[in-house]
Amino acid sequence: MINREKIQNILKKQGDVRGAVFQTDANYILKLGSRDDLLKVENQLKEWGVDFQFKDAKPMSWYPVAWRVLSLLAIKEALGWDSAQIREMGKNAPKVSVIVKLFFKLFPDIEKFAQQIPNYWRKHYTAGELGVVELEKDKQTMLIRLKNFSFHPVLCQYLEGYFEQATKLTRPEDAVVTAKEVQCSFRDSVPYEAYQLNWTK
Amino acid sequence: MDKENNFSKRREKELAEDTIVLEKAIKNFWEILPIPVCTASPIFIILETGKGFDTLFGYIKNELVGESLKEIAFDKDSFKKILSQLAEQRKISNVEAVLKNKKGEKISVFVSAIAQEDEQREVFSYLFSFVDITLMKKTERELQEKVADLERFQKIAIGRELKMVELKQEIEDLKIKINTG
């Protein structure tokens, strides 16, 4: 259970996100549950002072990142989902996201894909910078770092799933792709989140 | 400075509004287009499918996103050849292929596709369209069978005619032989 003070602290944080993220959340909730579940999440958000309805979210419009974080927390709170389910929701998002479909150039060449990563982030968020720190093509691994985006650990779990699936879309169908948050600003006293991506093909 | 800021903000707002309009138009286009269409990555991983595509192949929306396009090929090897041709030529038109729906039933189609390239002419996705010609192929097969039947009948009929001519000639020859004998 998250307290009011924490909610207020999240709401104070600056930065916007595209409405597409709310659509992908709604898509996953409806995939697993019902319209009632969406309503439960909206009621939870209302209780926290965010009057928002998923159906009104315009994919290309900007909304506070704080709402995005609270939406994930409301999903956990209202639907009783755990971190693994939030991660799965993140994994589902690139498959249904309008931003991915319209703007992502999913080059199979991993170097070219890596060059696109900061751009992908900017298409979604006005806060934070995502960049590739290390790319070892032969070892099929990449380290990416997200700076200035310390909102809440719930977003870290979501993004872990998201990065995994976005990378998977660039690899052959039988490739195994994994993403793991190796450093977290909430856990490791570092001013960024770092994710290790690995792939087999 | 304020004037510049106001102009920039107005421009930004206009762009955002235009983007929303365009996004809606694209969404509606995908939704209403009766022709099965889909987009795929440069290695043919499905990225988006239209309603017509989902209907033809019997999948629910987004079910095939992230899967290989080869998933819908009935004969994977011949479909691979078509995809190689596309990767090489960057555009194909009305190439015949046999695909399959979710139940595994054969669907004959004409495949057309075009590569979408970036500024360096590198392919970042392909747009595919499929025209269902299953019914046309079925009718074509039925017609071919009828033509074959007619040909067989014609062969038999002509053979009979020739035999009769031959027999008539034989009778004539025999008559001559009797009369002269």
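Biologist: I've got the predicted model open. Let's begin with chain B: in what order do the strands of its open sheet run?

Modeller: Follow the strands across the sheet from neighbour to neighbour. In chain B, 5 strands form an open sheet in the order β2-β1-β5-β4-β3, and the pairing is antiparallel.

Biologist: Which strands of chain B stand at the edges?

Modeller: Those are β2 (46-49) and β3 (91-100) of chain B. Each has a single partner strand, so one side of each is left without a neighbour in the sheet. Also, neighbouring strands here are turned by 30 degrees against each other on average, direction ignored.

Biologist: And side chains in a strand, where do they go?

Modeller: Here's the general idea: in a regular strand the side chains alternate between the two faces of the sheet.

Biologist: Let's look at single pairs. How many bridges join β1 and β5 of chain B?

Modeller: There are 4 bridges between β1 (residues 37-40) and β5 (residues 123-132) of chain B, and the two run antiparallel.

Biologist: Over how many bridges do β4(B) and β5(B) pair?

Modeller: β4(B) and β5(B) pair over 9 bridges, in the antiparallel sense. There, S112(B) has S129(B) as its bridge partner in β5(B). These two strands make a hairpin with 5 residues between them, where R121(B) takes a positive phi near 65 degrees.

Biologist: Which strands does helix α3 of chain B lie across?

Modeller: For a helix on a sheet, look at what it crosses and at what angle. Helix α3 (residues 76-89) of chain B lies across β3, β4 (106-117) and β5 of chain B, and runs at about 165 degrees to β3(B). Then there's helix α4 (residues 134-180) of chain B, which packs on the sheet and touches β3, β4 and β5 of chain B. The direction of α4(B) makes about 135 degrees with that of β4(B).

Biologist: Into which domains is chain B divided?

Modeller: Chain B has domain 1 (33-132) and domain 2 (134-181). Taken over C-alpha atoms, the centres of these two domains of chain B are 49 Å apart.

Biologist: Over to chain A. What is the strand order in its open sheet?

Modeller: Read it just as before. The 4 strands go β3-β4-β6-β5 in chain A, with antiparallel pairing. The edge strands are β3 (129-136) and β5 (177-183) of chain A, each pairing on one side only. From one strand to the next, the twist averages 25 degrees.

Biologist: How many bridges are there between β4 and β6 of chain A?

Modeller: Strand β4 (residues 141-147) of chain A and β6(A) pair over 7 bridges, in the antiparallel sense.

Biologist: Now for holes. How many cavities of 30 Å³ or more does the structure hold?

Modeller: A cavity is a space where a probe fits but cannot get out. The structure holds 2 of 30 Å³ or more. The largest cavity has a volume of about 220 Å³. Of its 19 lining residues, F104(A), Y120(A), Y162(A), F163(A) and A166(A) lie nearest its centre.

Biologist: Which element gives the most to the lining of the largest cavity?

Modeller: That's α8(A), with 6 residues. By class, the lining of the largest cavity has 15 nonpolar, 4 polar and no charged residues.

Biologist: What about the second largest cavity, what is its volume?

Modeller: About 40 Å³. Among the residues that line the second largest cavity are L146(A), H152(A), C156(A) and Y195(A). The largest share of that lining, 3 residues, comes from α8(A), and the classes are 7 nonpolar, 1 polar and 1 charged.

Biologist: Last one: which residues line the second largest pocket?

Modeller: A pocket is open, unlike a cavity. The lining of the second largest pocket includes N27(A), K31(A) and N92(A), along with I60(B) and E63(B). The volume of the second largest pocket is about 210 Å³. α5(A) gives the most to its lining, with 3 residues. By class, that lining has 2 nonpolar, 3 polar and 4 charged residues.

Definitions and conventions
Residues numbered from 1 in each chain as written. Chains lettered and ligands numbered in written order. Predicted model: local features only at pLDDT ≥ 70, side-chain atom pairs only at ≥ 80, totals over all residues. Heavy atoms only, no water. 1 Å grid on protein atoms, 1.4 Å probe; cavity = no way out; pocket = protein on both sides within 12 Å on 5 of 7 lines; lining within 4 Å. Points joined across faces, edges and corners; volume = space filled by probe spheres on them. Nonpolar A, V, L, I, M, F, W, Y, C, P; charged D, E, K, R; others polar. Domains from an automatic or database assignment. Pairing = 2+ DSSP bridges. Axes fitted to C-alpha atoms, helices over the stretch in contact; angles between N-to-C directions. Contact = heavy atoms within 4.5 Å.
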